[in-house]
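Q: Could you take me through the salt bridges of this model, with a close look at who pairs with whom and how open each partner is to solvent?

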Amino acid sequence: MSYSKMSKSLKLRVGLLALILVSACQQRAVLSDAKSSEPISLYSKWQLIELNGRTLQVSDGLKTPVITVEKEGRISGNASCNNFFGSFETDNAFRLKFSKMGSTMMACNDMSLEREFLQKLEVVDNFTLSGDTLSLNKARMTPLLRLVRVK
């Protein structure tokens with residue numbers, strides 16, 4: 001094999017290896033549902049239905065909390081009174097960590113739902129997906145937050 005053919009072959013292999021490594025290092029949150037083998041995705045808009053094991057109760061004048069999870073590693077949403085935003089990291093092992101969280105600072109009549117919701121987001125370290133239901137968890141405890149996909 002001539003030097004130029006060997007050089008092209010080596011460049012091709014190195015390029016292919018680089019592509020594989022870059023693909024492997026990207027955040028992934030598209031998984032397979034064990035029951036149906038259909039791909040399910042964390043990237044969506046989610047509405048809170050359960051907080052710390054309790055069915056959600058929203059006071060008059062407040063919004064039901066929502067989270068939008070974006071492929072770029074960003075989240076945003078409404079915590080019932082204020083809008084919030086931040087970053088997240090995840091992997092193929094259902095690990096999840098929110099960070100760099102911030103929010104607007106409006107005062108509402110009842111801030112208890114918002115405070116609890118945002119506090120739970122801070123300690124989430126993993127998630128489970130079952131169809132259109134997302135559970136945000138801490139270790140192996142009961143889900144801290146349970147949400148449904150907004151269609």
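A: A search of the whole structure finds seven salt bridges, each one a side-chain nitrogen of Lys or Arg within 4 Å of a carboxyl oxygen of Asp or Glu. Side chains of opposite charge can pair when their charged atoms come close. Bear in mind that this is a predicted model, where local features need pLDDT of at least 70, side-chain atom pairs count only at pLDDT 80 or more, and totals for chains, interfaces and linings use all residues. Residues are numbered from 1 along each chain as its sequence is written, and side-chain values use heavy atoms, with hydrogens and water left out.

Let's start with R74. Its side chain meets that of E70 in a salt bridge, 3.2 Å from N to O. R74 also forms a salt bridge with E72, where the closest N and O atoms are 3.8 Å apart. For accessibility, buried means under 20% relative accessible area, exposed over 50%, and partly exposed in between (1.4 Å probe, protein chains only). R74 is partly exposed at 43%, and E70 is partly exposed too, at 24%. E72, at 53%, counts as exposed.

Another pair to look at is D132 with K151, a salt bridge of 2.6 Å, N to O. This pair links distant parts of the chain, 19 residues apart: D132 lies in the loop between β9 (126–130) and β10 (133–137), and K151 in the segment after β11 (145–149). The strands here are DSSP runs (E, at least two residues), numbered from the N terminus. D132 is partly exposed at 30% relative accessibility, while K151 is exposed at 82%.

Methods
Helices (H or I, at least four residues) and strands (E, at least two) are DSSP runs, numbered from the N terminus.
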